[in-house]
Amino acid sequence: SPVIVDDVLLVAGRDRRLREFDLAEPRAPEPIWTLEVGDAPILATPAVWEGRIHLPSTDGFFYAIDGA
């Protein structure tokens, strides 16, 4: 599931990618960045806390990424 923080949409996917989109124009979100995370699909919703994106992966690791 996606998560919205301020004017940013975060989407994690089965393709191992975490994507961030700018929601300044919600009908046409602009991609900001894409990051490949881990070695297996991401099936959980990202959580954002104190400026970090936290997400578990099915590769058995829990990732904390700066930048939200």
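Student: How many aromatic pairs does a search of the whole structure find?

Tutor: In this predicted model, the search finds one aromatic pair. Phe 61 and Tyr 63 form the pair, with 6.3 Å from centre to centre and 50 degrees between the planes.

Student: Why does the pair count as tilted?

Tutor: Planes under 30 degrees apart count as stacked and those over 60 as edge-to-face, the rest being tilted. The planes of Phe 61 and Tyr 63 stand at 50 degrees, so the pair is tilted.

Student: Are Phe 61 and Tyr 63 buried, partly exposed or exposed?

Tutor: Exposed means over 50% relative accessible area, and buried means under 20%. Phe 61 has 55% relative accessibility and therefore counts as exposed. Tyr 63, with a relative accessible area of 22%, is partly exposed.

Student: In which order do the strands of the open sheet lie?

Tutor: Three strands form the open sheet in the order S5-S6-S7, with antiparallel pairing. Strand S5 (47–49) and strand S7 (62–66) are at the edges; each has a single partner strand, so one side of each lacks a neighbour in the sheet. From one strand to the next, the twist averages 25 degrees.

Student: How many bridges join S6 to S7?

Tutor: Five bridges join these antiparallel strands. Ile 53 stands opposite Ile 65 in S7.

Student: Is His 54 buried or exposed, and what is it in contact with?

Tutor: His 54 lies in strand S6 (residues 52–56). Its relative accessibility is 17%, so His 54 counts as buried. Leaving aside neighbours within four places in sequence, His 54 is in contact with Pro 46, Ala 47, Trp 49, Phe 62, Tyr 63 and Ala 64.

How values were computed: Residues are numbered from 1 along each chain as its sequence is written. This is a predicted model: local features need pLDDT of at least 70, side-chain atom pairs count only at pLDDT 80 or more; totals for chains, interfaces and linings use all residues. Side-chain values use heavy atoms; hydrogens and water are left out. Helices (H or I, at least four residues) and strands (E, at least two) are DSSP runs, numbered from the N terminus. Buried means under 20% relative accessible area, exposed over 50%, partly exposed in between (1.4 Å probe, protein chains only). Contact means heavy atoms within 4.5 Å. Two strands pair if DSSP finds at least two bridges between them. Axes are lines fitted to C-alpha atoms, for helices over the stretch in contact, and angles run from 0 to 180 degrees between N-to-C directions. Rings of Phe, Tyr and Trp (its six-membered ring) pair if their centres lie within 6.5 Å; planes under 30 degrees apart count as stacked, over 60 as edge-to-face and the rest as tilted.
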